[in-house]
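Visitor: I'd like to learn how to read a protein structure. Could you show me around one?

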Amino acid sequence: MDTPTESAPARHQTSAWPLALVYAALIVFASLFPFDGWRAQGIAPQVFLLAHIPPPYWTGFDIAINVVGYAPLGFLLALALLRTGWPRSAIPLAALAGALLSLLMEFLQIYLPQRVPSNLDLVLNAGGSLGGALLAALLERLGAIDRWSRFRARWFVPQARGALVLLALWPWALLFPAAEPFGLGQVLERLESALADVLDGTPFLVWLPERAQALQPLSPAAEMLCVALGLLVPCLLAYSVAVHTGRRAALALASVAVGVAATALSAALSYGPAHAWEWLSVPVRAGIGMGMVLAVATLWLPRRACAVLLVLVLAVHLGLLNDAPTSAYFAQTLQAWEQGRFIRFFGMGQWLGWLWPYAALVYVLLRASRREVAS
């Protein structure tokens, strides 16, 4: 195994490490969701390791998702190792890490009645990690990674890693069904319900505040504002690390396009391809237009001002969302994600959709307090 030396390639600040860690955490959530019912089932680990391949319940979808699900992890780990001075060990270490994580997840699933460990899953996950690592090495050899580094240096400030990680995760967070388009972070109603369940039967239940009246659905005007602010958030986040006004405009346009496409894909997964665009109601279309107008109006703000404004926008957006209930129809949509093939995405997408705006809020508060945010 090689070790970094003075003759090793120069180390680079890379977003691959935090992205790899986030992706590994999401794999854990997706593999162990719903995290309840833990118990010993009298199954020895070697039973699933030595089981017949393929298992009788396998499908083409299962094979594809197990390979594709681990490929980004192998890619990101290999890329991080390549960019930080471990060129010869990048592929084997990334593939080994993916295989070991998969082995751990399959072993833990022995104790979850709702999950079924499988040696085929382990083989496919390991193969996906290896494939992702090989792709990273190939792109590095072809110079694609260096071109990305030069692109990043031209478009973003040197301290943009955290913002780029958040921007890369934003479309994935949108794939989990939201009660309002671009409405990430709507957790208050679920949090109150979860706390009530935890405290039920204890004297602490009376400590929970009681609402004077039930949560009221958003009015069309409030829905329009909520959509506009949800679309403005990634634009302001990009503005806070972009180095040129023209590039800000390109990033804003890309954010709108990716956000709309991810929301349409989420609707297609939830309701079928024929209903991919039914979420585009009149208030939503007006909100998208308003968000684009606000994105244009803030193009010329200094980076520090964009960061401060982003804090305000996030606060108002989260306040609007969490002061509204989720509909019964939306609850039925979530049930479809909790069952069948969507179970593999449910934990991962749910946590991204819940936590992304709060992670962005923490990041931008830290960044706004630093001197380098100034334009």
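This is a predicted model: local features need pLDDT of at least 70, side-chain atom pairs count only at pLDDT 80 or more; totals for chains, interfaces and linings use all residues.

Visitor: Okay, how many helices and strands does the protein chain have?

Guide: The protein chain has 14 helices and 0 strands.

Visitor: What part of the contacts joins residues 24 or more positions apart?

Guide: Among contacts with a separation of 6 or more, 83% are between residues 24 or more positions apart.

Visitor: Now the helix pairs. How do I read one?

Guide: Two packed helices are described by the angle between their axes and by the distance between those axes. Take α9, residues 220-239, and α12, residues 303-322: their axes come within 9 Å and cross at roughly 150°. Angles over 145 degrees count as roughly antiparallel, so that is how α9 and α12 lie to each other. The crossing of α9 past α12 is left-handed.

Visitor: Which residues of α9 and α12 meet?

Guide: On the α9 side they include Leu225, Leu229, Val233 and Leu236, and on the α12 side Leu310, Val313, His317 and Leu320 are among them. Sorted by class, the contact of α9 with α12 has 17 nonpolar, 2 polar and 1 charged residues.

Visitor: How do α9 and α10 cross?

Guide: The axes of α9 and α10, which covers residues 245-271, come within 9 Å and cross at roughly 150°. α9 and α10 are therefore roughly antiparallel. This crossing is right-handed. Leu231, Pro234, Cys235, Ala238 and Tyr239 of α9 touch Arg248, Leu251, Ala252, Ser255 and Val256 of α10. The contact of α9 with α10 counts 8 nonpolar, 1 polar and 1 charged residues.

Visitor: At what angle do α1 and α7 pack?

Guide: α1, residues 16-32, packs against α7 at about 40°, with the axes 9 Å apart. That makes α1 and α7 oblique to each other, and α1 passes α7 in a right-handed crossing. Pro18, Leu19 and Val22 of α1 make the contact with Arg161, Val165, Ala168 and Leu169 of α7. By class, the residues of the contact of α1 with α7 are 6 nonpolar, no polar and 1 charged.

Visitor: Let's zoom in on single residues. Is Leu352 buried or exposed?

Guide: For that you look at relative accessible area, where under 20% means buried. Leu352 has 9%, so it is buried. Leu352 sits in α14, residues 343-368.

Visitor: Which residues is Leu352 in contact with, apart from its neighbours within four places in sequence?

Guide: Those are Leu26, Leu169, Trp172 and Ala173. There is also a C-alpha separation to look at: Leu352 and Leu174 are 178 residues apart along the chain, yet their C-alpha atoms are separated by 8.3 Å.

Visitor: Where does Phe182 lie?

Guide: Phe182 is in the loop between α7 (161-175) and α8 (188-199). Its backbone is worth a look: Phe182 has a positive phi of about 65° although it is not a glycine.

Visitor: And is Phe182 buried or exposed?

Guide: Phe182 counts as buried, with a relative accessibility of 3%.

How values were computed: Residues are numbered from 1 along each chain as its sequence is written. Side-chain values use heavy atoms; hydrogens and water are left out. Helices (H or I, at least four residues) and strands (E, at least two) are DSSP runs, numbered from the N terminus. Contact means heavy atoms within 4.5 Å. Axes are lines fitted to C-alpha atoms, for helices over the stretch in contact, and angles run from 0 to 180 degrees between N-to-C directions. Angles under 35 degrees count as roughly parallel, over 145 as roughly antiparallel, 65 to 115 as roughly perpendicular and the rest as oblique. A crossing is left-handed if the near helix is turned anticlockwise from the far one by less than a right angle, and right-handed if clockwise. Ala, Val, Leu, Ile, Met, Phe, Trp, Tyr, Cys and Pro count as nonpolar, Asp, Glu, Lys and Arg as charged, and the others, Gly among them, as polar. Buried means under 20% relative accessible area, exposed over 50%, partly exposed in between (1.4 Å probe, protein chains only).
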